[in-house]
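Hello,

Here is the structure I promised to pass on. Please open it first; my notes follow below.

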Amino acid sequence: MIKNFKIGAHMPISKGFGKVPYETLEIGGNSFQIFNHSPRVWRSSLPDIKETTKFRKSMEECKINFDNAFVHSGYLVNLASPKEEVWNKSIKLLIQEIKICELLGLKYLNVHPGSHLGEGEEFGLKRIVEALKLVFRETESSNVVILLENVSPKGGNIGYKFEHLNYIMHAFENRIAVTYDTCHGFDAGYDITTVSGMKKLIDEIENTVKIENIKMIHLNDSKYPLGSAKDRHENIGKGFIGISGFRNFLSFEEFQNIPLILETPGSNSEHAEDIKILETEILCKL
Ligand code: MN
Ligand code: MN
Ligand code: ZN
C-alpha cells in the first residue's frame, strides 16, 4: 500500500462476514465497508457466536484495523419519514444494526440522514434528530458511532449540504460523525476537480462539521456533470470527476488520512481494477 493510505470497497457478505477481510486483501485493500444484513428488507438477525468469532479472527489474520471497517445501514431506513410506521421501523432497524455492529466489533455505522418526502427540510431535520435521540437512548451502553452521509440533492433528501449534517450532528454530544461521498458531493455542486472548489469545500467543512469529524470518504466518480443531482456512481477515472479531479481532491492533506471506500459499479474484480487505477494513476502522482 502506498504511504499510509487506507483504501477499500463496499464488500459482499454473501459468503459470510469471515470472508470479507480475506477478499479485501485480494482486491488490494486494507479497509472495507459492508451491509450487516440484507439491505432491502426490514428483517434482520443477529449473527451467532461462531460467525462473530470467525470474523474477528479473520480481521486479525488479515491485519485489518477495526477503525477502518465500516457498516452501511439498510436502504429502507428513513429517519425523516413523515409516515409513522416507516419512521418507527427505521428506528428499530437502526437499533438492531447497532447491535450487530457491536457483536462484530465494528464501530462505525453509515446512515443516509433521510428524506422528508415533501414535508420540507425543517420537518425532516427535526424528525431525524428526534429519531436519533430514541436510537441513542435505546443503545446507551454502546459506543457505535453513526456516520451521517452527504447525499445527492434529490427526492426530498436531507443531507446534501454540510449545514444539514451539522444541524443533526450538533444535537448530540457524541457518537455521531460524517461520511463524505465524492459523487453525491459533485451532484450537489461541490467541485473537487479545481483548487478553488476544494478551498470552498474545506472552508464549508471547517465552518460546519469540521474535518476531524469526517471518518470515511466514499470515493466514487460520477456518471453525470457537476450539480446534476443524479446519484449515478462511475468507476474511478471514467466519470466527470476523472483522474485529474481525484488527484486534485487527494492532493489536499486534509483527506489523505481518511479511509477511501469505493462504491463504484461492479463487484470485487472491478473494485480491484479501481484500486489499481487509484494507486498507479492518482496516489503515486500526488
Ligand atoms: Mn450511501
Ligand atoms: Mn456513498
Ligand atoms: Zn450514491
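The buried residues of helix α9 pack against β1 (7-10), α1 (20-26), α8 (242-250) and β12 (260-262). Those buried residues are N268, H271, D274, I275, I277, L278, E279 and I282. The helix covers residues 268-282, 15 residues in all. From first C-alpha to last, α9 reaches 20 Å, close to the 21 Å expected at 1.5 Å a residue. Keep in mind that this is a predicted model.

Now the metals. The manganese ion (ligand 1) has three protein donors: H72 (NE2), H112 (NE2) and E149 (OE). They lie 2.1 to 2.3 Å from the ion. Along the chain their spacing is H-x39-H-x36-E. H112 sits in the loop between β4 (108-111) and β5 (114-115), and E149 in strand β6 (residues 145-149), so this pair ties together parts that are 37 residues apart in sequence. How exposed is H112? Its relative accessibility is 29%, so H112 counts as partly exposed. E149, by contrast, is buried, with a relative accessible area of 0%.

The manganese ion (ligand 2) is coordinated by E149 (OE), D181 (OD), H218 (ND1) and E263 (OE). The distances run from 2.0 to 2.3 Å. Here the donor spacing is E-x31-D-x36-H-x44-E. D181 belongs to strand β8 (residues 176-181), and E263 to the loop between β12 and α9. The pair links parts of the chain 82 residues apart. D181 has 0% relative accessibility, so it counts as buried. Why does E263 count as buried too? Its relative accessible area is 16%, and the cut-off for buried is under 20%.

Which residue connects the two sites? E149 bridges the manganese ion (ligand 1) and the manganese ion (ligand 2), which are 3.5 Å apart.

Next, the strands beside the first site. β3 (residues 69-72) and β4 pair in the parallel sense, over three bridges. β4 and β6 run parallel and are joined by four bridges. β3, α3 and β4 form a β-α-β unit, and the unit is right-handed.

Side chains in a regular strand alternate between the two faces of the sheet. In β4, Y108 and N110 are on one side, L109 and V111 on the other. All four are buried, so both faces of β4 are covered.

Last, the cores. The largest nonpolar core has 76 residues. Which of them have the most contacts inside it? They are L132, I168, L201, F249 and F255. Helix α3 (residues 84-104) gives the largest share of this core, nine residues. Take L201 as a place to look. Leaving aside neighbours within four places in sequence, L201 is in contact with F162, Y180, Y190, I192, F249 and F255. Another core, of seven residues, lies apart from the largest one. Among its members are F70, Y108, L147 and A177.

Best wishes

Conventions
Residues numbered from 1 in each chain as written. Chains lettered and ligands numbered in written order. Predicted model: local features only at pLDDT ≥ 70, side-chain atom pairs only at ≥ 80, totals over all residues. Heavy atoms only, no water. Helix = DSSP H or I, 4+ residues; strand = E, 2+ residues; numbered from the N terminus. Expected span 1.5 Å × (residues − 1). Buried < 20%, exposed > 50% of the residue type's maximum accessible area, 1.4 Å probe, protein only. Contact = heavy atoms within 4.5 Å. Donors = N, O, S within 2.8 Å, 3.2 Å for Na, K, Ca; no water. Core = buried A, V, L, I, M, F, W, Y, C linked by side-chain atoms within 4.5 Å. Pairing = 2+ DSSP bridges. Right-handed = clockwise from strand over helix to strand, strands pointing away.
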